[in-house]
Amino acid sequence: MVIANVGDIYSVFSVELQQYVACQVTHVQPPRTPRGKPLAAVLELDWSGDALPDAAAASRMQPLRYSYYFVRNRLDHAFVTANVPPEYVFIANLPPLVEDEVNTYKFGWDVGASMARQRSWEQIDPALRKQFKAASSAHKVIVGGVKLSQNATRINDSVLDGVKDLSELDQLPCLMTVETAHGTPELMAYIQQHPFINELHWQSPSVTEIDVSTTRLSRFILQPDGITSVRLNRGLSFLSLTAMPSPQLQVEQTEQGRDLELQCTAGLPLLQGLDQLGALSLTAVREIDLAPVVQRFAHLRQLRLWGKPGMARNMQSIAQLPQLQMLTTFDVFGFEADDFPSPEQLPKLASLWMNSVPADVAKAVKTAYKKAVAQGLDLSISKPRKPEWLAENLHNPFRDWDGREQISAAQAKKAALAYKNLLAATRGIDASMRAAEAAAALDAMVMAYTEDFNKMDRRSSIIETVEREEIYSVLVDVLTQLESELGAALVNQQRLLELFDRLREF
């Protein structure tokens, strides 16, 4: 296992900069718990080159100090896991350049990111940079009829709807984020001309072709309905499509997505372009076939799969991603232990995080990747799910409650628990019971289910028409299944639904 030592200098190739960069380990923190991992404080150095440095070059390196946007003379110095990623090359061991205490933590070694941002900042007109730094929160301005601090960084339609001339926005020299559901060609032209705007949330009822190639965006959140083509800027690091795009959507970028993370909801986007995509995040996935994902984006270095929960087919196809460095799954099921690639099939894998995964898969992956962990793999396997949990939760009909406007996460969990209790009650009813005994058990089951939601609604009145219909439909489905197993003689569905209707208070 390659564990960083104090004083170690490493170099790695930065895809974003297309150069080698360097860092130094200044501190090593031992594990705080028996199962914890050692941490290393990594300091980014002010060096880059077209080839790996030698020890002589390392002796001349100095800490990188960056000052972009609101930052002033800061070091990129934070604790990460002490396991050195395999792509980092040891150069030399020298006395630490910085001995100050470190109290910042981050998820992984990402040397080069701060240098890329600093270089991007330095390409902006110095006069504009000076205005940005001089802006004050004490100085108030009126934009679109709204009073804002001069150094405000974000606006949305509450401001834009009141703007008569977009030049009003010039009163905000620190404007960095624009959010709109009413995008216009004029607003896009303004964004193209203002280099500090680096995040755009865009939806438009009229614009069908989008060109942000001359902007300095780093994040672009796009509602793609009606969009036929998008030209992206060099340097964009994150593109989120908030709905499934048209298969005809053409996305162009000079690097073909090499340095880009594409985030999509529900499944594989069928857009054209981005053939060199470096990172893909699929969220709210219910079902996914990974074979076409791998075939479509064969150069992925990072793949994140977030189920709702989701069922994945052809998990073994991930082995066809030879450049894969990070794989994350959350609430993803539908595959067996034998379907998961072996460490030998993913030679560049540096991070493997699996949260909420079948228990047999969790056990097998931990065993198979034990040697890889000893060699530096950052492995995290949590929440192994047994078959009983999957039966009760994988098809939880109330999973969509989590995230609704009037429903809290805690209330969504209570709804899921009511469903679990309903299923548990059905397992206590079988064909050997007398009719009267079965009727009493069924009545108690329906009463308990109904009262769970009565309690929730008494406290916060969260159950509206949609939720009321869902609660009813879930009960119908469970009773229908029970009736098919035990027969109508034991399960009088109409009587039980009438009982539910009498008892409900929502």
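Let me start with Pro 195, which at 18% relative accessibility counts as buried, because the cut-off for that word is under 20%. Please keep in mind throughout that what we have here is a predicted model. Pro 195 sits in the loop between H5 and E12, and, leaving aside residues up to four places away in sequence, Pro 195 touches Ile 124, Leu 128 and Arg 216. Pro 195 and Ser 218 are 23 residues apart along the chain, and their C-alpha atoms are separated by 11 Å.

The next residue I would like to discuss is Phe 196, and with it the aromatic rings. The structure holds 23 aromatic pairs. In one of them, the rings of Phe 132 and Phe 196 have their centres 4.9 Å apart and their planes at 50°, so this pair is classed as tilted. The pair links distant parts of the chain, since Phe 132 belongs to helix H3, residues 126–134, while Phe 196 is in the loop between helix H5 (185–192) and strand E12 (199–202), and the two are 64 residues apart.

Phe 398 is buried at 1% relative accessibility, and Trp 401 is buried with a relative accessible area of 0%. Coming back to Phe 132 and Phe 196, ring pairs link them with Tyr 66, Tyr 68, Tyr 69, Phe 70 and Trp 121 into a cluster.

Let me now step back to the whole chain. The protein has 506 residues, of which 47% count as buried, and it contains 13 helices and 24 strands. Taken along the principal axes, the C-alpha atoms fill a box of roughly 85 × 65 × 45 Å. If we consider the contacts with a separation of 6 or more, residues 24 or more positions apart account for 51% of them.

The buried residues in H12 are Glu 467, Ile 471, Val 474, Leu 475, Val 476, Val 478, Leu 479, Leu 482 and Leu 486. The buried residues of H12 pack against helix H10 (409–426), H11 and H13. After H12 comes Gly 487, whose phi is positive, near 95°.

Two of those partners, H11 (residues 435–460) and H13 (residues 493–503), also meet one another, with axes that come within 10 Å and cross at roughly 35°. The crossing of H11 past H13 is right-handed. From H11, the residues in this contact are Ala 439, Leu 442, Asp 443, Val 446, Met 447, Tyr 449, Thr 450 and Asn 454, and they meet Arg 495, Leu 496, Leu 499, Phe 500 and Leu 503 in H13. By type, the residues of this contact divide into nine nonpolar, two polar and two charged.

Which peptide bond is cis? The bond joining Lys 308 and Pro 309 is cis, with omega about -15°, and Pro 309 is placed in strand E21, residues 302–313. Asn 73, although not a glycine, has a positive phi of about 50°; this residue is in the loop between strand E4 (65–66) and strand E5 (74–75), and at 52% relative accessibility Asn 73 counts as exposed. Asp 331 is another residue other than glycine with a positive phi, in this case near 55°. Asp 331 lies in strand E22, residues 326–333, and it counts as buried, at 15% relative accessibility.

Definitions and conventions. Residues are numbered from 1 along each chain as its sequence is written. This is a predicted model: local features need pLDDT of at least 70, side-chain atom pairs count only at pLDDT 80 or more; totals for chains, interfaces and linings use all residues. Side-chain values use heavy atoms; hydrogens and water are left out. Axes are lines fitted to C-alpha atoms, for helices over the stretch in contact, and angles run from 0 to 180 degrees between N-to-C directions. Helices (H or I, at least four residues) and strands (E, at least two) are DSSP runs, numbered from the N terminus. A crossing is left-handed if the near helix is turned anticlockwise from the far one by less than a right angle, and right-handed if clockwise. Contact means heavy atoms within 4.5 Å. Ala, Val, Leu, Ile, Met, Phe, Trp, Tyr, Cys and Pro count as nonpolar, Asp, Glu, Lys and Arg as charged, and the others, Gly among them, as polar. Buried means under 20% relative accessible area, exposed over 50%, partly exposed in between (1.4 Å probe, protein chains only). Rings of Phe, Tyr and Trp (its six-membered ring) pair if their centres lie within 6.5 Å; planes under 30 degrees apart count as stacked, over 60 as edge-to-face and the rest as tilted.
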